[in-house]
Each structure stands twice: as C-alpha cells, then as structure tokens.
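Here are my notes on this model, point by point. Please read them with the structure open.

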Amino acid sequence: MRWSDPRETTDVGIGFVGFFAFAFLVITIVCELTGQPALGWAITLLVLVLALVGLLQLRRRILAQREADEERRAHQDS
C-alpha cells in the first residue's frame, strides 16, 4: 500500500471509522432494547457517523480532482 496516495489513506480511514460506527450502532441498539443508559453510546455513534460522512466526501473530492487532472492531461496530449 502506498501511503503517499491520499485515496489509500482515506480508504483506510473509512474502513476504520466504519467498523467502529457499526460496533457502536450494535451497542446502542442493545442498550436501548435492554433499558440501559444509551446516551453516551448514541453521541459517540453520531460523532463516528459524521466522521464517516466527512471521509466519504473527502474521497469523492479526491476522485473528482484525479479525474479532472486526467482529463486535463488528455487534452494537453491531443
């Protein structure tokens, strides 16, 4: 894996944050169903989901920029 590629780093971050978001979702659901306090778990889940959305938007921007660069190179070569 090339860590110099921002897309690779973003993908690793998406996987890491996505895993923990799923884990906290399960924990929050179990706490809600068993009647245990779930506010802290739910707030942590919210933060993780917001981070995941931010990483997905960052990945979309990286891909759009890469596509624009390739298109620019194709026009220069022609």
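Leaving aside its neighbours within four places in sequence, which residues is threonine 28 in contact with? Point 1 takes this up.

1. Threonine 28. The model is a predicted one. Beyond four places in sequence, Thr28 is in contact with Ala38, Trp41, Ala42 and Leu45. Thr28 itself sits in helix H1. Its relative accessible area is 9%. Buried means under 20%, so Thr28 counts as buried.

2. Fold. The protein has two helices and zero strands. H1 spans 6–34, and H2 spans 39–77. Of the residues that touch Thr28, Ala42 is one.

3. Overall shape. The radius of gyration is 18 Å, whereas a compact globule of 78 residues would have one near 12 Å. Along the principal axes, the C-alpha atoms fill a box of roughly 65 × 20 × 15 Å. Please keep both values in view when reading the next points.

4. Burial and surface. Buried residues make up 18% of the 78 residues. The accessible surface comes to about 6000 Å². Carbon and sulfur atoms account for 65% of that surface.

5. In soluble globular proteins, nonpolar side chains tend to be buried together. Here the largest nonpolar core has seven residues: Ile14, Val17, Ala21, Phe24, Leu45, Leu48 and Leu55. Helices H1 and H2 each give two or more residues to this core. H1 supplies the largest share, with four residues.

6. Ile14 belongs to the core. Not counting residues up to four places away in sequence, Ile14 touches Leu52, Leu55, Leu56 and Arg59. Among these, Leu55 is also in the core. Leu45, another core residue, is in contact with Thr28.

7. Arginine 61. Is Arg61 buried or exposed? Arg61 lies in helix H2 and has a relative accessible area of 59%. The cut-off for exposed is over 50%, so Arg61 is exposed.

8. Charge. The protein has 8 positive and 9 negative side chains. The centres of the two sets lie 2 Å apart.

Terms used: Residues are numbered from 1 along each chain as its sequence is written. This is a predicted model: local features need pLDDT of at least 70, side-chain atom pairs count only at pLDDT 80 or more; totals for chains, interfaces and linings use all residues. Side-chain values use heavy atoms; hydrogens and water are left out. The radius of gyration is taken over C-alpha atoms; the globule rule is 2.2 Å times the number of residues to the power 0.38. Buried means under 20% relative accessible area, exposed over 50%, partly exposed in between (1.4 Å probe, protein chains only). Accessible areas come from the Shrake-Rupley method with a 1.4 Å probe; for residues, only the protein chains shown count as cover. Lys and Arg count as positive and Asp and Glu as negative; His and the chain ends are not counted. The place of a charge is taken as NZ of Lys, CZ of Arg, CG of Asp or CD of Glu. A nonpolar core is a set of buried Ala, Val, Leu, Ile, Met, Phe, Trp, Tyr and Cys residues joined through side-chain atoms within 4.5 Å. Contact means heavy atoms within 4.5 Å.
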